[in-house]
Amino acid sequence: MKTYKTILMLIDFGEHPGITDDIYTNNKRYSELQKLLTNVDRRTELYFVTNLPYIKDPRLAEILKMARTTGFKTLEIRETLRPNVGDHTIEEVSNHLKLKFDIEIDPSDTQIILGGCNMGGCIANSKQISAVYWSNAGYKTTIHVPLCGEYEQPGINQVERVYYGFQKLYTVIKKHNAFDNISMSTEWHEIRGL
């Protein structure tokens, strides 16, 4: 069986603390990361990448510390505070991984898994490292739904926000004609090589 490098992109994972009123969703997201750490073989082909400073999210910082302790590689890409300049491109992330870990990522041997906040925005297409851009670059891309929260969309509770988030995500994938390369998962075993 072919071994794939797996890049787990945690986009804005701990963001929106002022409007994150759903304790269950947040606990589920962090628990899902811990499930990955404890159920996947320790191997060098899994790389955790986050675009926020660890210090902004103590829970994520602790989980990434556990990941490093058990042999996984982590990379923090910092965004600038200047408007419209802070988003990294796929090429920049690839270069960061090459420089830090001496690896090449390529669509033929690398898959991308995304999680974080917000499905209809940053996960879908609001960042240059969002799902549709990985997909358009040829990477097999999976949005792991239990890692996602939706706080950007309207709604009186998390259920309504998720409805709108999924609708927006579907619209974005359709607009970018990315159905062939983007999939969704709810269990880690659904993703190849994990």
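This is a predicted model: local features need pLDDT of at least 70, side-chain atom pairs count only at pLDDT 80 or more; totals for chains, interfaces and linings use all residues.
Residues are numbered from 1 along each chain as its sequence is written, and side-chain values use heavy atoms, with hydrogens and water left out.

**Helix α2**
- Running over residues 58-69, α2 has 12 residues and spans 16 Å from first C-alpha to last, close to the 16 Å expected at 1.5 Å a residue.
- Leu60, Ile63, Leu64 and Ala67 are the buried ones here, buried being under 20% relative accessible area.
- Looking down the axis of α2, these buried residues sit within an arc of 95°, so they line one face of the helix.
- Their cover includes β1 (5-11), α1 (23-39), β2 (46-50) and β3 (73-76).
- After α2 comes Gly71, with a positive phi near 105°.

**The cores**
- A nonpolar core is a set of buried Ala, Val, Leu, Ile, Met, Phe, Trp, Tyr and Cys residues joined through side-chain atoms within 4.5 Å.
- The largest one has 31 residues, and Ile7, Met9, Leu97, Leu114 and Trp134 have the most contacts inside it.
- Elements giving two or more residues to this core include β1, β2, α3 (90-101) and β4 (110-117).
- Apart from it lies another core of 19 residues, among them Val40, Leu46, Leu60 and Phe72.

**Ile7 up close**
- Leaving out residues up to four places away in sequence, Ile7 touches (heavy atoms within 4.5 Å) Tyr47, Val49, Leu97, Ile105, Thr110, Gln111, Ile112 and Ile113.

Note on methods:
Helices (H or I, at least four residues) and strands (E, at least two) are DSSP runs, numbered from the N terminus. The expected span of a helix is 1.5 Å times one less than its number of residues. Buried means under 20% relative accessible area, exposed over 50%, partly exposed in between (1.4 Å probe, protein chains only). The arc is that of the directions from the helix axis to the C-beta atoms.
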